[in-house]
Amino acid sequence: MTLLPVFAGLVVGWVALRGLLAHPLLPLWVRTSVFWTVPLTALTWVFIMAADDPVLFPETAPCPREPYQEGVIGSGKVSGVSVPFPPRAYCEWEDGTVYELAPGAEFLFWVFFASAVVALAAGLWHALRVPESLLR
């Protein structure tokens with residue numbers, strides 16, 4: 001049953017992309033914007049998800065295992081947290097203090113995500129209004 005929504009999403013995405021590329025009133029850079037916004041969205045998502053990982057360089061981890069100084073950022077143990085959607089990476093101390101790790105990347109993710117969704121929505125709208133344009 002999980003495959004049914006995935007397949008339906010792929011079909012709707014394919015129709016939206018075909019409708020976007022067949023739209024006669026949009027300039028070429030708008031019609032092809034999906035081909036660069038979707039990969040950039042995925043790249044920023046990966047960057048956000050890896051922001052709290054101390055694996056590569058444990059001594060320079062973004063969430064230090066012991067506090068810098070008592071009361072400067074937080075007190076107690078700290079843990080890195082990544083939330084897949086909406087994407088967010090932060091350090092959380094025992095006392096509840098939260099330190100955002102990638103606020104700029106989160107903003108870029110939402111800009112790229114919104115532009116891809118708007119472009120695909122325009123393509124889906126065109127495909128539903130003029131279905132014969134998909135036959136080219």
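Trainee: Let's take contact to mean heavy atoms within 4.5 Å. What share of the chain's contacts with a separation of 6 or more comes from residues 24 or more positions apart?

Mentor: Those residues account for 51% of the contacts in the chain with a separation of 6 or more. Keep in mind as we go that this is a predicted model.

Trainee: Noted. What secondary structure does the chain have?

Mentor: It comes to 4 helices and 3 strands. Walking from the N terminus, you pass the elements in the order α-α-α-β-β-β-α.

Trainee: And how much of the chain counts as buried?

Mentor: The figure is 27% of the 136 residues.

Trainee: Okay, helices. At what angle do H1 and H4 cross?

Mentor: Helix H1, residues 3-22, and helix H4, residues 103-129, cross at roughly 85°, and their axes come within 7 Å. Angles from 65 to 115 degrees count as roughly perpendicular, so H1 is roughly perpendicular to H4.

Trainee: Which residues meet there?

Mentor: On the H1 side you have Val12, Val15, Ala16, Leu17, Gly19, Leu20 and Ala22, and they meet Ala119, Leu120, Gly123, Leu124, His126 and Ala127 in H4. Sorted by class, the contact has 10 nonpolar residues, 3 polar ones and no charged ones.

Trainee: What does His126 touch, apart from residues up to four places away in sequence?

Mentor: Its contacts are Gly19, Ala22, His23, Pro24 and Ser133. Take Ala22: that residue and His126 are 104 residues apart along the chain, yet their C-alpha atoms are separated by 8.2 Å.

Trainee: Changing topic: which residues make up the largest nonpolar core?

Mentor: That core has 7 residues, namely Ile48, Met49, Ala51, Ala89, Ala102, Ala105 and Phe109. Helix H3, which covers 34-49, supplies at least two residues of this core, and H4 also supplies at least two.

Trainee: Pick Ala105 out of that set. What is Ala105 in contact with, leaving aside its neighbours within four places?

Mentor: Ala105 is in contact with Thr44, Phe47 and Ile48.

Trainee: Thr44 is a new name. Where is Thr44, then?

Mentor: You'll find Thr44 in helix H3. Its relative accessibility is 11%, so Thr44 counts as buried. Not counting residues up to four places away, Thr44 touches Ala105, Leu108, Phe109 and Phe112.

Trainee: What about Leu43, buried or exposed?

Mentor: Leu43 also has its place in helix H3, but Leu43 counts as exposed because its relative accessibility is 60%.

Trainee: On to the strands. In what order do they form the sheet?

Mentor: The order is E1-E2-E3, in an open sheet of 3 strands with antiparallel pairing. E1 and strand E3, residues 98-100, are the edge strands, each pairing on one side only. On average, neighbouring strands of the sheet are turned by 25° against each other, direction ignored.

Trainee: How many bridges join E1 to E2?

Mentor: There are 6 bridges between E1, residues 78-83, and E2, residues 88-93, and the two strands run antiparallel. Together E1 and E2 form a hairpin with 4 residues between them.

Trainee: And how many bridges join E2 to E3?

Mentor: That antiparallel pair is joined by 3 bridges.

Trainee: Can you give me one residue to look at in the viewer? What stands opposite Ser79?

Mentor: Click on Glu92 in E2, which stands opposite Ser79. Then look towards E3, where Glu92 has Val98 as its bridge partner.

Terms used: Residues numbered from 1 in each chain as written. Predicted model: local features only at pLDDT ≥ 70, side-chain atom pairs only at ≥ 80, totals over all residues. Heavy atoms only, no water. Axes fitted to C-alpha atoms, helices over the stretch in contact; angles between N-to-C directions. Parallel < 35°, antiparallel > 145°, perpendicular 65-115°, else oblique. Nonpolar A, V, L, I, M, F, W, Y, C, P; charged D, E, K, R; others polar. Core = buried A, V, L, I, M, F, W, Y, C linked by side-chain atoms within 4.5 Å. Buried < 20%, exposed > 50% of the residue type's maximum accessible area, 1.4 Å probe, protein only. Pairing = 2+ DSSP bridges.
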